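Trainee: I have a model open and would like to go through it with you. Could we begin with the terms?
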Amino acid sequence: MSVARVTEIKASSKKSFDDAVQAGVARAVKTLKNVKSAWIQNQDVSVDENGNISEYRVQLKVTFILED
């Protein structure tokens, strides 16, 4: 039997939502062991004074298996 835990991570990128997700997952696996999945709970953008998107942000839920 295994036990999993879910943790929340927020990540951002100047390029895209996909890049923000990649950055979040890459950072998670540096610290957490046995990462099995991640899902996007929320996503939003930051808009600059000219009306252009300046940052893509994601809120991820990351699932990992706890060790015995």
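Mentor: Helices (H or I, at least four residues) and strands (E, at least two) are DSSP runs, numbered from the N terminus. This is a predicted model, in which local features need pLDDT of at least 70, side-chain atom pairs count only at pLDDT 80 or more, and totals for chains, interfaces and linings use all residues. Residues are numbered from 1 along each chain as its sequence is written, and side-chain values use heavy atoms, with hydrogens and water left out.

Trainee: Where is Q41 found?
Mentor: Q41 is found in strand β2.

Trainee: And what does Q41 touch?
Mentor: Not counting residues up to four places away in sequence, Q41 touches E8, Q59 and K61. Contact means heavy atoms within 4.5 Å.

Trainee: How exposed is Q41?
Mentor: Q41 is partly exposed, with a relative accessible area of 44%. Buried means under 20% relative accessible area, exposed over 50%, and partly exposed in between (1.4 Å probe, protein chains only).

Trainee: Changing topic, which residues of α1 are buried?
Mentor: A20, V21, G24 and A28 are the buried residues of α1. They cover an arc of only 100° around the axis, which puts them on the same side of α1. The arc is that of the directions from the helix axis to the C-beta atoms.

Trainee: What about the other side of α1?
Mentor: There, D18 and K30 are exposed.

Trainee: What covers the buried residues?
Mentor: The cover includes β1 (4-13), β2 (35-47) and β3 (53-65).
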